[in-house]
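Please keep the sequence and the three-dimensional view at hand while reading.

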Amino acid sequence: MRDSIRLTLKMHRFELIALIAFTAFVFVAAFWVAGQLDAVGYGPCAVDRGPVPANCESLGREWYQIQESQASPLFGFLAILPFATGLFLGGPLISREIERGTTRLAWSIAPSRLRWYLSRMLPIVAAVAVVTFAAGIAADRLTAAISPNVDIANAFDGFGQRGLLVAVTGLVMAAGAIGLGAVTGRVLPTVILALILGTLGITGVTKLHDDFTAGEAILVDGEYVGRGDRYVDQFFRLSDGRLVDWNGLAEFDPGAMMREEEPNYPIVSLVIPGSRYREVETRQAVVLGGIAGLMLAGTAVIVQRRRPG
Amino acid sequence: MTAVLEAHGYGKRYRGRPWALRGLDLAVPEGSITALVGPNGSGKSTLIRGWIGFEPPTEGRLSIAGIDPQRHRKAAVMRSGYVPQQPALYRELTIAEHIELAITFRTGFDAPLAKGYVERLGIPLAAQANQLSGGEQAQVGLALALGTRARILLLDEPLASLDPLARREFLHVLVTAVRGGGHTALLSSHVITDIEQACDRLVVLGRGRTLLDLSVEDALAHHRVVEAASWEPGRPGTVGTFPTTTDERLTLVRVGPSGDGPGDSGSPAPLIGRAATLEEVVIGHLAASRRRGQLEADEPVPGVAS
């Protein structure tokens with residue numbers, strides 16, 4: 001088994017070295033930039049109410065300058081990483097073997113194609129998990145630095161762009177690319193198709209999960225969402241207790257819309273409390289991870305049935 | 001004679017294309033080295049890939065050592081060693097690593113045997129696959145097939161890209177291994193002179209069917225060539241007419257065992273022409289097959305106005 005893992009990793013050493021080096025760079029850079037942001041000491045200035053230190057303006061300038069010039073590009077890299085890792089490690093895994101004809105050799109020696117598939121797939125999926133999980137940790141650290149005074153373990157700041165979900169996104173992309181590679185048997189079409197279908201798929205599943213989660217939102221009084229909470233919607237509470245949006249308010253009290261001042265109805269917000277972050281994150285990760293698992297299992301079936309090219 | 005590779009009414013048709021093979025009946029005897037010869041597209045690779053379970057039949061069935069390769073692919077793979085048409089080695093791996101990989105794929109893979117073959121040919125085990133010549137890559141493919149210790153070797157045009165010396169070395173290794181180890185080998189090839197030296201049986205495929213299935217000895221004994229000009233077309237025993245490189249046209253004639261008359265009629269006749277070479281036997285049958293194909297294509301289809 002150890003030999004099989006070593007040889008699989010060697011076959012993909014170019015992609016692995018490139019992605020590991022890139023991830024290592026982004027990881028170190030993210031922690032370094034986060035340290036820079038922390039060192040500015042902007043936290044006491046980033047409060048909703050109450051007194052702030054006198055030098056907040058200069059601290060804010062410095063803090064935003066680091067955030068814009070260093071943290072933002074890093075977030076960009078971190079957003080690309082799970083997609084790139086999934087595509088470049090998963091895409092060629094089977095498609096390149098079929099394209100180059102090495103499956104003819106491998107499948108004529110290996111009585112069990114399932115064993116061949118597992119020996120190829122498991123080390124690469126593990127590598128994708130390690131690389132993207134490192135990216136997720138880096139994104140967590142950077143999010144914590146740009147959200148001073150927020151406990152990011154209990155906050156929806158940067159939801160989907162950090163932590164476990166980065167790793168799971170990478171796994172879904174990899175699983176999709178591996179499966180498409182087994183179908184097409186060609187590297188370039190696999191990478192292009194996997195990019196398009198993977199992005200659409202992940203966006204679709206995320207949207208469905210968001211809609212589902214919105215159904216679990218709770219009402220809190222006030223216009224301002226608490227730090228770390230996830231905003232879903234906002235309503236006016238009418239005197240009879242009903243909750244209405246702007247259209248509902250216009251119907252109920254047309255005069256309120258004409259007045260210059262804000263409507264004199266209490267505002268209530270629909271939110272998912274930040275304290276539910278881990279639970280919601282884990283649920284989405286389980287859904288996406290389950291899809292990745294199904295795609296990997298489907299690929300095993302394709303490998304069993306297809307011609308070696 | 002026990003047949004270890006059999007085809008019974010085997011047919012294969014790829015989607016949107018004409019039949020690659022149809023109604024093929026064939027039996028390759030155990031312990032033989034059988035040459036499978038035919039023009040490009042005659043279905044040689046399809047047939048070989050069918051026996052290893054890579055191609056499901058469209059009709060009929062195949063068997064390898066009595067096993068249906070489609071239903072029991074694992075068992076079929078365990079009984080066969082396969083050398084594909086083009087060397088299909090992992091360019092990122094060394095030859096030693098290919099052998100390690102084969103060990104991880106297949107329980108009982110004989111690594112010392114495979115290494116022994118590679119080393120005997122002077123191919124460095126530490127060399128990357130992409131540093132080897134086409135001939136060396138084919139030899140490594142053969143060594144890996146032999147390392148499986150499978151009794152049946154399926155070789156799909158492994159000689160195609162090899163120079164004469166590499167071909168000779170390849171065939172030497174193959175013949176030594178087959179004769180020494182009691183294997184059966186099926187070798188598809190275009191290179192007739194090599195087949196004559198290495199193979200004891202000849203199967204010619206053309207237009208999706210078997211044109212000839214004889215031992216090499218019988219194929220030579222039962223065919224003669226005559227000048228086409230001196231031979232009346234359609235005489236009993238006529239196989240086909242083909243041109244030579246010197247603008248001459250020869251006709252291949254099937255004769256009795258002593259070469260004294262048309263083999264099909266069985267009637268004695270005076271000694272005719274000269275002995276055919278194996279290449280002429282193959283070319284004569286392929287030319288006849290092509291001619292038949294042209295005649296079939298020219299035949300008007302009933303009910304269709306021309």
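This is a predicted model: local features need pLDDT of at least 70, side-chain atom pairs count only at pLDDT 80 or more; totals for chains, interfaces and linings use all residues.

**Two buried strands of chain B**

Strand S7 of chain B covers residues 184–188; five of its five residues are buried, so the strand is largely enclosed by the rest of the structure. Thr184(B), Leu186(B) and Ser188(B) point one way from S7(B), while Ala185(B) and Leu187(B) point the other way. This arrangement can be read against a general rule: in a regular strand, side chains alternate between the two faces of the sheet.

Six of its six residues are buried, so S8(B) is largely enclosed by the rest of the structure. From S8(B), Arg201(B), Val203(B) and Leu205(B) point one way, and Leu202(B), Val204(B) and Gly206(B) the other way.

**How the strands pair**

In general, strands of a sheet pair through backbone hydrogen bonds, either parallel or antiparallel.

| Strands | Sense | Bridges |
|---|---|---|
| S3(B) and S7(B) | parallel | four bridges |
| S6(B) and S7(B) | parallel | five bridges |
| S3(B) and S8(B) | parallel | four bridges |
| S8(B) and S9(B) | antiparallel | six bridges |
| S10(B) and S12(B) | antiparallel | five bridges |

Individual residues show how these pairings are made. Ala185(B) in S7(B) is the bridge partner of Ile33(B), and Ala185(B) is also the bridge partner of Leu153(B). In S8(B), Val204(B) stands opposite Val37(B).

S8(B) and S9(B) form a hairpin with two residues between them, and Arg207(B) in the turn has a positive phi of about 50 degrees. Gly206(B) stands opposite Arg209(B) in S9(B).

Chain B also has an open sheet of four strands in the order S11-S12-S10-S13, with antiparallel pairing. Which strands form its edges? They are S11 (238–243) and S13 (274–275) of chain B, each of which pairs on one side only.

**A helix pair in chain A**

Helix H3 of chain A (residues 56–100) and helix H7 of chain A (residues 187–214) pack at an angle of about 145 degrees, and their axes are 8 Å apart. The crossing of H3(A) past H7(A) is right-handed. Among the residues of H3(A) that take part are Gly86(A), Leu87(A) and Gly91(A), and those of H7(A) include Val187(A), Ala194(A) and Gly198(A). By class, this contact of H3(A) with H7(A) has six nonpolar, five polar and two charged residues.

**Where chain A touches chain B**

The contact takes 21 residues from chain A and 24 residues from chain B. On the side of chain A, helices H1 (2–11), H4 (102–109) and H5 (113–146) each give two or more residues. The largest share, six residues, comes from H4(A). By class, this side of chain A has nine nonpolar, six polar and six charged residues.

Helix H3 of chain B (residues 95–105) has eight of its eleven residues buried, so H3(B) is largely enclosed by the rest of the structure. Its buried residues include Ile95(B), His98(B) and Phe105(B). What covers the buried residues of H3(B)? The cover includes H1, H4 and H5 of chain A, together with helices H4 (111–120) and H5 (134–147) of chain B.

Notes:
Residues are numbered from 1 along each chain as its sequence is written. Chains are lettered from A and ligands numbered from 1 in the order in which they are written. Axes are lines fitted to C-alpha atoms, for helices over the stretch in contact, and angles run from 0 to 180 degrees between N-to-C directions. A crossing is left-handed if the near helix is turned anticlockwise from the far one by less than a right angle, and right-handed if clockwise. Two residues are in contact if their C-beta atoms, placed from the backbone, lie within 7 Å. Ala, Val, Leu, Ile, Met, Phe, Trp, Tyr, Cys and Pro count as nonpolar, Asp, Glu, Lys and Arg as charged, and the others, Gly among them, as polar. A residue is buried if 20 or more other C-beta atoms lie within 10 Å of its own, exposed if 12 or fewer, and partly exposed in between; C-beta atoms are placed from the backbone. Two strands pair if DSSP finds at least two bridges between them.
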